[in-house]
Amino acid sequence: MAAFDPSRATVHKGRGATYDPHNRFAPTRSVAEDDGWWQEEASTSLATEVREEASKSALSWNNSPDLPFDRSLNPYRGCEHGCVYCYARPSHAYWDLSPGLDFETKLIARHGLVEHLKEELCHPHYVCRPINLSGNTDCYQPLEATYQTTRRLLELLLACRHPVTLVTKSTLILRDIDLLAEMAEHRLVRVFVSLTSLDANLKRTLEPRTASPQARLKVIRELNTAGIPVGTLVSPIIPGLTDHEIERILEAASRAGARTATWMLLRLPHEVAPLFEAWLEAHYPERAAKVMSLMRQCRGGKTYDAAFGKRFRGEGVFADLIAQRFQRASRQWNMQPRTEQGLNTRDFRPPRAQGDLFD
């Protein structure tokens with residue numbers, strides 16, 4: 001991949017990426033050149049555009065040994081939260097869009113998911129295991145307030161007694177606390193609230209349109225009070241930038257009511273690496289070299305290693321130290337590892353077995 005040209009970076013209000021990297025699948029490349037003519041200065045505020053896509057299927061399947069689930073549901077492509085480190089950014093290239101600013105401003109809302117999920121749950125060979133919502137992008141990103149696809153999926157899963165896990169950085173999940181509480185009564189749900197940092201100033205540029213750290217802790221408290229099993233996902237841990245917060249994050253999450261915790265090391269696949277480096281240079285230039293050096297130490301000298309067993313945890317002395325600190329803090333605050341075991345799969349009833357429930 002070509003080296004990033006710092007002159008292309010621009011800090012946009014409320015956005016994580018500072019530029020649009022080239023779509024690696026596009027046959028041509030466009031480069032802006034100054035022709036000497038006066039041009040009006042471009043706005044640093046970018047509007048969000050949404051288009052709809054007719055879904056061909058609902059569930060996405062994987063056989064990764066690194067993941068605790070083998071199926072997931074993603075109501076939206078792209079994510080307005082704008083987390084600059086998001087490992088899902090490269091997927092936007094498949095839709096002829098850039099993994100940079102396009103990923104957080106040109107969103108795709110999938111429709112027909114509920115209908116397709118009904119069909120897939122009715123397949124005679126379907127075996128019930130937990131479905132993960134937000135496997136790629138956050139199912140409670142701002143778009144959900146309008147489309148309410150996630151809520152309708154939860155209504156279907158509750159009616160079918162099908163277990164689900166959710167990961168989010170949004171307070172919008174509290175809108176569905178009624179459904180989640182009922183699912184919890186039947187052991188059908190576990191929620192994981194992602195906490196990257198407790199530093200609100202860092203969050204504003206790293207994860208610009210997500211809920212504040214204190215708001216996420218409030219989500220944990222309210223879910224726990226409602227009897228909904230809730231844990232925290234400390235992800236990503238960024239060496240030299242957020243790793244010093246591991247113990248504080250686990251303490252805060254535990255005091256708020258989280259009972260499980262897991263972590264992931266920063267992942268920089270494909271275009272995410274230059275996007276993250278450009279973000280570092282724009283917001284934390286004094287730390288950029290150190291952060292990238294530590295990342296390479298954790299990735300065998302590279303910015304990323306996608307090998308199973310390494311991509312989530314890294315390797316080497318620094319990665320081992322992170323793992324040891326996380327385990328020690330988890331024991332201190334009685335936080336258990338993330339697991340899908342214990343969710344109820346025995347009461348699953350395919351939609352057609354419920355008469356006219358979905359007519």
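Guide: Start with a backbone oxygen, that of E207, which lies 2.8 Å from a polar atom of the side chain of T210. This is a predicted model. T210 is found in the loop between helix 6 (200-206) and helix 7. Is T210 buried or exposed? T210 has 8% relative accessibility, so it counts as buried, the cut-off being under 20%. The side chain of T210 has another partner: a polar contact of 2.8 Å joins it to the side chain of R216. Leaving out residues up to four places away in sequence, T210 touches H81, C83, K169, K203 and R216.

Now move on to helix 7. Helix 7 covers residues 213-225 and packs with helix 8, residues 246-256. The angle is about 35 degrees, and the axes are 8 Å apart. Which residues meet here? From helix 7 come L217, I220, R221 and N224. From helix 8 come A252, A253 and A256. By class, this contact has five nonpolar residues, one polar and one charged.

Next, the rings. The structure holds five aromatic pairs. One of them joins Y76 and Y147, and this pair is edge-to-face. The centres are 6.4 Å apart, with 65 degrees between the planes. The pair links distant parts of the chain: Y76 sits in strand 4 (residues 76-77) and Y147 in helix 3 (residues 144-147), 71 residues apart. Y76 is buried, with a relative accessible area of 1%. Y147 is partly exposed, at 26%.

Y126 and F348 form a tilted pair. Centre to centre, the value is 5.7 Å, and the planes make 55 degrees. This pair also links distant parts of the chain, 222 residues apart. Y126 is in the loop between helix 2 (113-121) and strand 6 (131-133), while F348 is in the segment after helix 11 (317-332). Y126 is buried, with a relative accessible area of 13%. F348 is buried too, at 16%.

F276, W279 and Y284 form one aromatic cluster.

Rings also meet charges. The charged end of R267 sits over the ring of Y87, 4.5 Å from its centre. R313 lies over the face of W263, at 4.4 Å from the ring centre.

Now go back to the start. Find T210 in its loop. Then trace its side chain to the backbone oxygen of E207 and to the side chain of R216.

Methods: Residues numbered from 1 in each chain as written. Predicted model: local features only at pLDDT ≥ 70, side-chain atom pairs only at ≥ 80, totals over all residues. Heavy atoms only, no water. Axes fitted to C-alpha atoms, helices over the stretch in contact; angles between N-to-C directions. Helix = DSSP H or I, 4+ residues; strand = E, 2+ residues; numbered from the N terminus. Contact = heavy atoms within 4.5 Å. Nonpolar A, V, L, I, M, F, W, Y, C, P; charged D, E, K, R; others polar. Phe/Tyr/Trp six-rings, centres within 6.5 Å; stacked < 30°, edge-to-face > 60°. Buried < 20%, exposed > 50% of the residue type's maximum accessible area, 1.4 Å probe, protein only. Lys NZ or Arg CZ within 6 Å of the ring centre and 35° of its normal. Polar contact = N/O pair within 3.5 Å; in protein donor to acceptor, adjacent residues only side chain to side chain.
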